[in-house]
Amino acid sequence: MAALGPSSCLLYRELCHREQGIHPFNGGGCSLVSVGGGGLYSSQPGGGRKRIWGGEVKMRGFWQNVSRPTSIEMEAITGTEDLDRILALSKEHSQAIVIDWMAAWCRKCIYLKPKLEKLAAEYHPRVKFYFVDVNKVPQALVKLGNISKMPTIQLWKDGEWKAEVIGGHKAWLVMDEVREMIQKHL
């Protein structure tokens, strides 16, 4: 196996410095470092290989859980049909959903949305997150959610409303309350 690029330079420099007390680069730049056969080898000018370290070499990637997103954009609910479809899917898959009832003019709502999207990534795929802009949907949908204040963050499970947090206070407190609500009903 060979390690190319900046990581090989760092690995080579670190091993030479730590094990042999020497600086590996004498103005010559970085060379190919290969791992195998009981050690770490450096390519030499003229085509040879020099064993630079004979111990066990363990290499690990810097990025663990790369495939895990840090934020998941919430999907919009635009009408009662959307809500009915989402609740039916949630019931079918026995998946909890969180709905952020917000308004474009509400500063706290706008501030909380990216924080909720980060929380969505934290609970993905067990909980699905949605939002409703109350000014862009029929009032029948707002009445169905029994919304009177913004932002209101509701948890629904098995097609039924379970709990809600009304976020009129500091964002970090709201997020803690939303986490507690999710944990309680998962």
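Which residues does Ile 99 touch, not counting residues up to four places away in sequence? I started my notebook with that one, keeping in mind that this is a predicted model.

**Entry 1, around Ile 99.** I looked up its contacts and found Ile 77, Leu 83, Tyr 130, Val 132, Thr 152, Ile 153, Gln 154 and Trp 156.

Next I checked the largest nonpolar core, which has 40 residues. Ile 99 is among those with the most contacts inside this core, together with Phe 129, Val 178 and Ile 182. I then asked where the core residues come from, and found that at least two are supplied by each of helix H2 (80-92), strand E6 (96-102), helix H3 (107-123), strand E7 (127-133), helix H4 (139-144), strand E8 (152-157), strand E9 (160-166) and helix H5 (171-185).

I traced an open sheet of five strands, in the order E5-E7-E6-E8-E9 and with mixed pairing. Its edge strands are E5 (75-76) and E9, each pairing on one side only. E5 and E7 run parallel and are joined by two bridges. Here I spotted Glu 75 opposite Tyr 130 in E7; Tyr 130 is also one of the residues that Ile 99 touches.

**Entry 5, the whole protein.** I counted five helices and nine strands. Of the 186 residues, 39% count as buried. The protein exposes about 11,600 Å², and carbon and sulfur atoms supply 53% of that area. Last, I looked at contacts between residues at least 6 apart in sequence: 64% of them join residues at least 24 apart.

Note on methods
Residues numbered from 1 in each chain as written. Predicted model: local features only at pLDDT ≥ 70, side-chain atom pairs only at ≥ 80, totals over all residues. Heavy atoms only, no water. Core = buried A, V, L, I, M, F, W, Y, C linked by side-chain atoms within 4.5 Å. Buried < 20%, exposed > 50% of the residue type's maximum accessible area, 1.4 Å probe, protein only. Helix = DSSP H or I, 4+ residues; strand = E, 2+ residues; numbered from the N terminus. Contact = heavy atoms within 4.5 Å. Pairing = 2+ DSSP bridges. Areas by Shrake-Rupley, 256 points an atom, 1.4 Å probe, with all protein chains shown as cover.
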